[in-house]
Amino acid sequence: MLSLKVGLLSHEVEVQPDTDSSGAVCKETEGDSAGLESVKSLEDVKAAIGGTEAGISSLRGFFIFAGSSLLAAVSFLDPGNLEADVVMGSTTGFSLLWWTGVCALCFGFTFQCFSGRLGLVSGKDLAAHLGDRYPAPARILLWILMEMAIVGADIQETIGAAIAISILSNGTIPLAGGCVIVSLSAFGLLLLDSVGFRQLELLFLALIGVEAIALGVVFVNAKVPSESVARGLIPMLTSETLPQAVGALGAIVMPYNLFYASSVIIARHSGTHTPKAKNVLLRYMRIENFLVLGVTFVVNLFVIAVFAHIVYGTEGADQLGLESAGVVLGQNYGIGYQHVWAVGLLASGQVATIAMTHAGQTVMMGLLKIKVHAGVRMLAVRSVALVPTLTLAVLFEASHTFDKVAQALNIVQSLVLPFAMIPIIHVAADKRLLGDWATKRPLTIFAAVIALAVAAVNGYLLVVFMQSEVPGATRNSTLAGFAAVILIYYSMLLYFAVGPEHWKGVGERARGVVNKIADWGRANRRKADFTSMLEVHM
């Protein structure tokens, strides 16, 4: 039986081995639950619903175990996501509504289920598994990439919430002051972690509910034509909308969330030793993921549709972003709706900062194997993101350039995304680790195609960025520099696609093949008989 005692300022783990259906031992490591307490055991659930095995599959059993998908779904509703929604609606109209649904209900659902199954079946999160599998250089490189994604996202979340505070205070509180308030309040809310994971889940539910209601009110008041929304759900993609689509994918399917989703569900691992029990919980996880992601899709649809309706096709539509979205709403519907938008934005940013703090802990502990006091870890993770956030907040407020930078940060998320997708595909398909619960080949191929498509489009984005944003992009020296960057990017992707732990074997096999070819060449080499050749030609 698994025993966990976790709090904000204490982090103790006591574990006994658990085995899966393949006989592989599933070991818990310190910190695998990212600071979340253990959920009720299966025996507790059976007692709560009448003590029968059949009751485990009841609706009440589902609600007892539900909650982890809610925590992991935060990245689908964070300020970076809202930024992508605003840009998408104002620059492409309703044409990419369908793409938002595909990102959430297809791509997001697939990879979130991969992560959830890994954590639920093995009892260890993705970062901990990769920390055991990868050599030190690969772990450090992956940690740097994920930290870039987390810091970039945290800049969006914190400044997004600070913008909301500035709107609600009628400009009295500057962005830098709002960033400090958001960070301090995040520390306070994280204290709920020491009370219990249910309290944390209720907090997430309340904040997401506030965000959904606020944005829903804006949508209803905008009186968006239903036929326009219906047309937007018909798949259509052009070269003009491709950059926004890729940026939206990076904003919706966040790299850090693939690590976080595998961590928050570990609390459901306690007492799930039998195959039947694990199958039930995996079914719960899939149902909850689909329901929660369906809600996130609707909320994102609200934002895209509103700005497609009131901004698309107007002058300056391509300049709109999170910073100016509230102003546009105030001009069209009154200051009250600008404040409603700010409330939703504030709730979004606040809940996202909490999630990313946990995600940062998980990635650091798993990949770097750094085991420090939980309070110190939280302070370090927040400080790494807070310092650049405050610096940029001052610059953004002076120059009003946050919208442009926020869009660039979404593209950065997309560039980093394959580095999170590829490892989870590898680990989720490992039969030695997950046994009968390993991902089947067709689903693995489907996920690999998604990762390959994202990586391919990212190359296109780099080229577009070079042509549009870099001075002197047509110069040979600049072209050579960007070619080198793209080559390095795809070389790193190939490194992780093959698997850092497999490269030694690949090198040995390659040398073996080269040696065999050389031996064959030596054995079949014909010696030239120059005397005979001369006689023939003479």
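Student: What should I know before I start?

Tutor: Local features in this predicted model need pLDDT of at least 70, side-chain atom pairs count only at pLDDT 80 or more, and totals for chains, interfaces and linings use all residues. Residues are numbered from 1 along each chain as its sequence is written, and side-chain values use heavy atoms, leaving out hydrogens and water.

Student: How many helices and strands does the protein chain have?

Tutor: The protein chain has 23 helices and four strands; these are DSSP runs (helices H or I, at least four residues; strands E, at least two), numbered from the N terminus.

Student: How do I read a pair of packed helices?

Tutor: Two packed helices are described by the angle between their axes and the distance between the axes. Here, the axes of H15 (residues 322-333) and H16 (residues 335-368) come within 6 Å and cross at roughly 150 degrees. Axes are lines fitted to C-alpha atoms over the stretch in contact, with angles from 0 to 180 degrees between N-to-C directions. That makes H15 roughly antiparallel to H16 (angles over 145 degrees count as such).

Student: Which residues of H15 and H16 make the contact?

Tutor: Contact means heavy atoms within 4.5 Å. Among them are Leu322, Ala325 and Leu329 of H15, and Trp341 and Leu345 of H16.

Student: What else does Trp341 touch?

Tutor: Not counting residues up to four places away in sequence, Trp341 also touches residues including Val86, Leu215 and Phe307. Phe307 and Trp341 have the most contacts inside the largest nonpolar core, which has 132 residues. Such a core joins buried (under 20% relative accessible area, 1.4 Å probe, protein chains only) Ala, Val, Leu, Ile, Met, Phe, Trp, Tyr and Cys residues through side-chain atoms within 4.5 Å.

Notes:
Buried < 20%, exposed > 50% of the residue type's maximum accessible area, 1.4 Å probe, protein only. Parallel < 35°, antiparallel > 145°, perpendicular 65-115°, else oblique.
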